[in-house]
Amino acid sequence: RRAPKVASGPPVAVAAAVSREVVAAVRRSAGAVAMTSALENYINRTVAVITSDGRMIVGTLKGFDQTINLILDESHERVFSSSQGVEQVVLGLYIVRGDNVAVIGEIDEETDSALDLGNIRAEPLNSVVH
């Protein structure tokens, strides 16, 4: 991690700049702690991950780290199409980089197994725009 830039100028402006930097760091840290705490509940459960490039990956969450890198086992990608059913591409043991995770949620396996993916038509998701 790089050291923050040293602010210069009038003392009030310097204090305000440092204060904003500290608040931003605390928010980032608190968000990461809250996210990792929430993810602990999903360990060894089936989850769906929507990536920032619009992919949907389903698998068993086996682990994660403080940057939300995810380890999924028995995973597959669901590829959506408006002209044919959902294609499932087997991935197996798979790692998703934390900066590529847009959404993660638990899958209800009973409801999921009742879906007829071959008859579901949907436009593929677009990439997340920041």
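**View 1. Glu-77, a buried partner in a salt bridge.** Glu-77 has a relative accessible area of 14% and is therefore buried, a word used for values under 20%, with exposed meaning over 50% and partly exposed in between (1.4 Å probe, protein chains only). Glu-77 forms a salt bridge with Arg-55, their closest N and O atoms being 3.0 Å apart; the term requires a side-chain nitrogen of Lys or Arg within 4 Å of a carboxyl oxygen of Asp or Glu. Arg-55, at 24% relative accessibility, counts as partly exposed. This is a predicted model, in which local features need pLDDT of at least 70 and side-chain atom pairs count only at pLDDT 80 or more, while totals for chains, interfaces and linings use all residues. Residues are numbered from 1 along each chain as its sequence is written, and side-chain values use heavy atoms, leaving out hydrogens and water.

**View 2. The salt bridge between Arg-78 and Asp-112.** The side chains of these two residues meet at 2.7 Å, N to O. Arg-78 belongs to strand β3 and Asp-112 to helix α2 (residues 109-114), so the pair ties together parts 34 residues apart in sequence; strands (E, at least two residues) and helices (H or I, at least four) are DSSP runs numbered from the N terminus. Both Arg-78 and Asp-112 are buried.

**View 3. The salt bridge between Glu-106 and Arg-45.** Here the side chains meet at 3.2 Å, N to O. Glu-106 lies in strand β5 and Arg-45 in the loop between α1 (11-40) and β1, so parts 61 residues apart in sequence are tied together. Glu-106 counts as partly exposed at 41% relative accessibility, and Arg-45 counts as partly exposed at 40%.
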